[in-house]
Amino acid sequence: MAKSVNQNTKKAPRAWQRMLSGRRLDLLDPSPLDVEIEDIAHGLARVARWNGQTTGDWAFSVAQHSLLVEALVRIIKPETSERDLLAALLHDAPEYVVGDMISPFKAVIGDDYKLVEKRLMTAIHLRFGLPAETTDQLSKLIKKADHASAYIEATGVAGFSKTEARKFFGAPPAGFERFDPTPLSTDEAKQKFLQRFEELQAAL
């Protein structure tokens, strides 16, 4: 007996997310036209670093982390251009869609996660006038600042000792003490992220 149409036809899984702006962002083929900075800021301000295992009244958000990384890039290399600083601010922007997976879990998932993240980053960069891919030199600079930020967060709000943090993230750059890792509210983190984005965009 022939199977019914319903039994033979499998509906493709939904691969897009609807944003508050009304955009539908396709994770398999993300378009720069569906990327909005308000959506990014809103999402990142609500994504918790360290899986939420931090002290304070609020989670330490990816938006706040992004601001810290961009500021650390300026400390490590003061002559960094506004274009590269914008790339630093947006270095974790895909997480407004996929969330902030901790490094051990990324290692378990493997390359599939990286592929999705890369597609999203390309769309985000193109949307805001950045090269589709960052240069190796800029990637290393951002990674250095990212590790410094992780040290500050780990010792400030995530319960790591300084010795343990140095083991995993290395020694932070001189001047890191000026940064207060006290978690911001979601609204404050969002507004500060948007403000810095607008400052850098205006300077391009």
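Helix α3 gives the most to the lining of the second largest pocket, with six residues. Helices here are DSSP runs of H or I with at least four residues, numbered from the N terminus. This is a predicted model, in which local features need pLDDT of at least 70 and side-chain atom pairs pLDDT 80 or more, while totals for chains, interfaces and linings use all residues. Residues are numbered from 1 along each chain, and side-chain values use heavy atoms, without hydrogens and water.

A pocket is an open set of points on a 1 Å grid where a 1.4 Å probe fits, with protein on both sides within 12 Å along at least five of seven lines; lining residues have an atom within 4 Å of a point. This one has a volume of about 330 Å³, counted as the space filled by probe spheres set on the points. Of its 17 lining residues, Gln64, Leu67, Leu68, Leu184 and Lys192 lie nearest the centre. Both α3 and α10 (186-203) supply at least two lining residues.

Now follow α3 (residues 62-76) to α4 (residues 82-89): their axes, lines fitted to C-alpha atoms over the stretch in contact, come within 8 Å and cross at roughly 145°, on a scale of 0 to 180 degrees between N-to-C directions. Contact (heavy atoms within 4.5 Å) is made by Ser66, Leu67, Val69, Glu70, Val73 and Arg74 of α3 with Leu85, Ala88 and Leu89 of α4.

Finally, look at α10 again, where Phe197 pairs with Phe128 of the loop between α7 (111-127) and α8 (136-156), 69 residues apart. Rings of Phe, Tyr and Trp (its six-membered ring) pair if their centres lie within 6.5 Å, with planes under 30 degrees apart counted as stacked, over 60 as edge-to-face and the rest as tilted. The centres of Phe128 and Phe197 are 5.0 Å apart and their planes at 75°, so the pair is edge-to-face.
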